[in-house]
Amino acid sequence: MATLRLHNSLTRRIEDFVPADPRRVTLYVCGPTVYNYVHIGNARPYVVFGLLARLLRRLYPGVVYARNITDIDDKIIAAAIAAGVPIDRITDRFAAAFFEDMAALGVDPPDVTPHATQHIRQIVSMCERLIAAGHAYAAEGHVLFDVASYARYGELSGRSVDEMIAGARVEIAPYKKNPADFVLWKPSTPELPGWDSPWGRGRPGWHIECSAMAAAHLGETIDIHAGGNDLMFPHHENEIAQSTCAHGGRLFARYWLHNGMLTFNGKKMSKSIGNVMLLHELLQKHPPELLRYLLLKAHYRHPLDWSDATIAQARATLDGWYGALRDLADVEIEGEAPAPPDVEAALLDDLNTPQALSIIAELATASRRATTPQARKTAKAALLGAGAMLGLLRLDPEAWFKQAGGSADALAVDPAEIDALIVRRNEARKSRDFAEADRIRDELAARHVAIEDSAQGTRWKIVNPNEHAA
Ligand code: AMP
Ligand code: ZN
């Protein structure tokens with residue numbers, strides 16, 4: 001069987017992936033905190049690790065992929081107070097928007113989507129277990145993890161406790177034994193959302209939610225845990241400490257995967273910096289496949305800088321690939337074409353998506369040289385199979401060229417009306433009324449429709465309003 005190789009942040013090496021039980025491979029990815037629309041940087045882990053889940057499903061008979069929804073958090077509470085509504089009005093709305101935007105991006109849904117607020121019982125019981133085992137303590141309505149009780153704390157990020165205290169803005173509080181101790185449970189006032197617990201009415205800290213949800217759905221030891229590298233400390237470090245100590249020292253996650261940050265003008269895209277581009281808005285302006293292509297263009301562990309120039313380049317690349325498919329429109333392919341072996345091999349090599357995309361580019365170039373019916377059929381099957389594996393080239397080429405931007409722009413022109421104008425233009429040309437033919441061409445250009453005369457007749461496409469349609 002083909003071997004999947006993955007970079008494990010725990011060992012900082014690329015390793016062969018060997019699941020604990022190939023019949024039930026488990027993957028947990030930290031999901032979004034739903035108080036706003038997600039930004040394009042947030043989409044990166046879901047696209048990349050969604051692709052990993054797809055690959056695992058091809059390799060193993062059973063895969064359970066859990067991606068949670070963080071639906072209780074101070075930022076959510078602040079957003080609900082600002083809007084004067086209960087928190088679930090905010091979390092339901094933005095979780096629904098998140099699912100919709102993920103579907104648009106071609107991200108396969110995970111098998112389980114646990115919500116933190118539906119796991120309060122498991123969270124409370126994990127806190128109790130940690131207290132009983134001497135790894136946590138209750139103080140003034142809080143429950144805190146006792147960092148000094150876990151000698152391996154800091155193993156993932158490779159930092160000492162002192163470094164972690166200096167580097168992170170750890171909160172010094174009178175009820176903490178050690179400033180590095182972190183909150184598992186905290187008190188809520190009667191007005192704030194909360195649940196009854198042995199320590200009074202309160203709510204969970206963020207880190208324990210993931211530990212409890214991963215254990216509830218995937219078991220005490222999971223195969224792969226993934227998320228952005230900004231979560232390595234403190235979130236993942238704390239998840240490891242909680243889960244390991246609550247489960248009698250058993251290993252929490254066997255492989256840790258982290259994606260690099262998406263940057264904008266060289267700075268991490270982040271809500272707190274305020275330099276975000278919301279996925280929801282980008283999807284109104286650009287075809288979803290273009291955004292997906294860009295998210296896969298860089299290797300997942302590298303930074304990825306977002307800019308208008310890369311968007312324009314991506315558009316040109318995808319136009320080229322869809323152009324190759326359009327030239328093969330007459331070739332029939334039965335069923336779903338399989339991914340070519342070299343594309344699968346690239347992905348098995350620590351998700352080398354840049355390599356997989358460059359193979360697609362070569363396939364598109366090669367397809368133009370294919371002339372015999374068999375060669376054209378092979379070329380089209382390879383392009384479609386590779387595209388399907390990566391979640392690209394899923395549209396009819398005509399539909400691709402007729403959508404200028406995202407779904408909203410796609411509706412801005414009526415294809416029947418454009419077709420009728422083209423018929424009139426061609427009639428004008430036939431009767432040598434070139435002035436009328438040019439006038440129609442200009443009218444189309446003003447509506448961002450470019451036309452191209454080819455052996456198969458006149459084709460049209462919508463061009464970006466920033467480009468020239470002539
Ligand atoms: P959050 O809702 O902030 O917890 O983020 C959800 C996911 O997005 C986490 O896996 C983060 O690591 C990831 N993330 C946040 N910002 C970026 C970014 N600029 N680039 C890539 N991933 C990010
Ligand atoms: Zn998490």
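**Ligand 1**

Ground rules before going on. This is a predicted model, so I keep in mind that local features need pLDDT of at least 70 and side-chain atom pairs count only at pLDDT 80 or more, while totals for chains, interfaces and linings use all residues. Residues are numbered from 1 along each chain as its sequence is written, chains are lettered from A and ligands numbered from 1 in the order in which they are written, and side-chain values use heavy atoms, with hydrogens and water left out.

Next I checked polar contacts, meaning pairs of N or O atoms within 3.5 Å; within protein, one must be able to donate a hydrogen and the other to accept it, and residues adjacent in sequence count only if both atoms are side-chain atoms. Leucine 262 puts a backbone N or O atom 2.7 Å from a nitrogen atom of ligand 1. For methionine 269, a polar backbone atom is 2.9 Å from a nitrogen atom of the ligand. Asparagine 259 uses its side chain instead, with an N or O atom 3.3 Å from a ligand nitrogen.

How much of ligand 1 does the protein cover? I get 91% of the 490 Å² of accessible area that the ligand has on its own. Those areas come from the Shrake-Rupley method with a 1.4 Å probe; for residues, only the protein chains shown count as cover.

(Helices are DSSP runs of H or I with at least four residues, strands are E runs of at least two, and both are numbered from the N terminus.)

**The zinc site**

Which residues coordinate the zinc ion (ligand 2)? I found Cys30 (SG), Cys210 (SG), His235 (NE2) and Glu239 (OE), at 2.0 to 2.4 Å. Donors here are N, O and S atoms within 2.8 Å of the metal (3.2 Å for Na, K and Ca); water is not among the atoms, so sites may look incomplete.

The angles among the four donor atoms run from 78 to 130 degrees, and the site is irregular.

Along the chain, the donors follow the spacing C-x179-C-x24-H-x3-E. Cysteine 210 lies in helix 6 (residues 206–218) and glutamate 239 in helix 7 (residues 232–246), so this pair ties together parts that are 29 residues apart in sequence.

Buried or exposed? I use under 20% relative accessible area for buried, over 50% for exposed and partly exposed in between (1.4 Å probe, protein chains only). Cysteine 210 is buried at 1% relative accessibility, and glutamate 239 is buried at 0%.

While in helix 7, I also looked at proline 234. Phenylalanine 233 and proline 234 are joined by a cis peptide bond, with omega about 0 degrees.

**Histidine 258**

I placed histidine 258 in strand 10 (residues 253–259) and found it buried, with a relative accessible area of 5%. Its side chain makes polar contacts with the side chain of serine 9 (2.7 Å) and with that of histidine 236 (2.8 Å).

**Positive phi**

Asparagine 265 has a positive phi of about 50 degrees although it is not a glycine. I found it in the loop between strand 11 (262–264) and strand 12 (267–268), exposed at 66% relative accessibility.

Leucine 393 also has a positive phi, near 55 degrees. It sits in the loop between helix 13 (373–390) and helix 14 (397–402) and is buried, at 3%.

**Helix 9 and the whole chain**

Eight of the ten residues of helix 9 (residues 288–297) are buried, so the helix is largely enclosed by the rest of the structure. Leucine 295 is in this helix, with a relative accessible area of 0%.

Last entry: I count 17 helices and 15 strands in the chain, and 53% of its 470 residues are buried.

Conventions
Four donors count as tetrahedral if all angles lie between 85 and 135 degrees; four count as square planar and six as octahedral if opposite donors are over 155 degrees apart and all others between 65 and 115; anything else is irregular.
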